[in-house]
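Here is a short note for a colleague who has not seen this structure before. The points below can be read alongside the model.

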Amino acid sequence: MWRSAGLAGDAQKAETKEEFVKVRRRDLERLTTEVMQLRDFLPKIVNGDILGTFQKLDAIESNLEKKEEEIEQLRMDCEHFRARLETAQADCMREKKSKAVKFFTITAQTMESFVKSLSEDMKQQDLDSEENQFVLALAGIVTNVAALACGREFLVSSSRELLDTMMHLLGDMKPGLCNKFKVLMLMSLYNVSINLRGLKYISESPGFIPLLWWLLNDPDTEVCLHALRLLQSVLLEPEVLARSGAEVRETLPFQRIVALSQSRNAELQALAKELLEDLKIFEYEA
């Protein structure tokens with residue numbers, strides 16, 4: 001029992017025993033002074049940095065809000081100018097369409113007047129006149145317009161009078177007369193036929209199929225070539241062929257197309273042979 005009590009007392013002394021370090025008074029005073037200085041200055045430095053950071057953050061946030069407001073204003077301005085531009089473009093398109101309709105109406109009237117002024121015994125030098133060149137230039141413009149998708153759509157929707165006039169004039173002009181003029185009009189009609197609505201309108205016009213047969217008998221190679229191209233447009237479109245097929249089959253100048261397939265003109269010969277292949281569809285129907 002005594003030994004146990006003695007051991008317990010020694011352990012307690014060991015636990016409560018503290019270690020001490022000897023420091024010179026001067027060093028201790030200096031250390032104390034530095035600690036006091038840190039206590040005074042450290043909060044000021046830290047608080048100053050934090051305050052400065054918050055101030056910078058506030059400034060950045062203010063600038064950001066200002067930029068966002070500027071961006072929103074620019075967006076609104078952009079929307080405003082876009083709306084004005086779209087309105088101006090729409091007005092411009094309407095104005096152009098009014099002028100285009102008038103131009104093509106005048107073109108149709110000019111072409112008709114020109115054809116009415118022709119005489120059967122017209123000589124080549126007369127065809128080289130300024131009037132003839134002017135009409136050819138007008139026909140060329142129509143051809144170029146019809147070569148564009150938007151141009152074809154415009155002619156079909158807003159200038160059907162011109163299409164009617166060209167088909168009428170092609171039927172009025174004698175074979176071998178004004179071949180360049182005929183070719184340009186046929187090219188225009190072919191370009192329009194690329195548009196399905198255009199092809200339907202042309203093919204459903206009274207006298208269209210007889211007009212093609214009339215043109216296929218023209219002595220000019222180019223006239224026959226472009227007449228065949230227009231006929232091929234009809235044959236290659238099932239919806240149109242369903243309406244015009246019977247008339248084509250009943251009135252088709254088959255022998256004339258066979259003769260054209262033997263032409264010395266390579267392009268006309270190739271197209272005529274190709275068309276004869278296309279016409280075999282009527283054999284299957286029969």
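1. A salt bridge here is a side-chain nitrogen of Lys or Arg within 4 Å of a carboxyl oxygen of Asp or Glu. The model is a predicted one, in which local features need pLDDT of at least 70 and side-chain atom pairs count only at pLDDT 80 or more, while totals for chains, interfaces and linings use all residues. Residues are numbered from 1 along each chain as its sequence is written, and side-chain values use heavy atoms, with hydrogens and water left out.

2. The chain has 14 helices and zero strands. Helices (H or I, at least four residues) and strands (E, at least two) are DSSP runs, numbered from the N terminus. Of the 286 residues, 31% are buried; buried means under 20% relative accessible area, exposed over 50%, and partly exposed in between (1.4 Å probe, protein chains only).

3. The structure holds eight salt bridges. In one of them, the side chains of Asp218 and Lys182 meet at 2.8 Å, N to O. This pair links distant parts of the chain, 36 residues apart: Asp218 is in the loop between helix H9 (208-216) and H10, and Lys182 is in helix H7 (residues 179-193). Both Asp218 and Lys182 are buried.

4. Arg82 and Glu79 also form a salt bridge, at 2.9 Å, N to O. Both lie in helix H2, three residues apart, or about one turn of the helix. Arg82 is partly exposed because its relative accessible area is 38%, and Glu79 counts as partly exposed at 40%.

5. A further salt bridge joins Glu277 and Lys280, whose closest N and O atoms are 3.2 Å apart. Glu277, with a relative accessible area of 48%, is partly exposed. Lys280 is partly exposed as well, at 33%.

6. Val21, Val23 and Leu28 form a nonpolar surface patch with about 310 Å² of accessible area together. Such patches are made of residues with over 30% relative accessible area and no salt bridge; like charges are joined within 9 Å, and nonpolar side chains (Val, Leu, Ile, Met, Phe, Trp, Tyr) within 5 Å. Accessible areas come from the Shrake-Rupley method with a 1.4 Å probe, and for residues only the protein chains shown count as cover. Val21 lies in the loop between helix H1 (2-16) and H2, and counts as exposed at 73% relative accessibility.

7. Glu267 is in helix H13 (residues 266-278). With a relative accessible area of 53%, Glu267 is exposed. Glu267 and Leu225 are 42 residues apart in sequence, and their C-alpha atoms are 7.9 Å apart in space.
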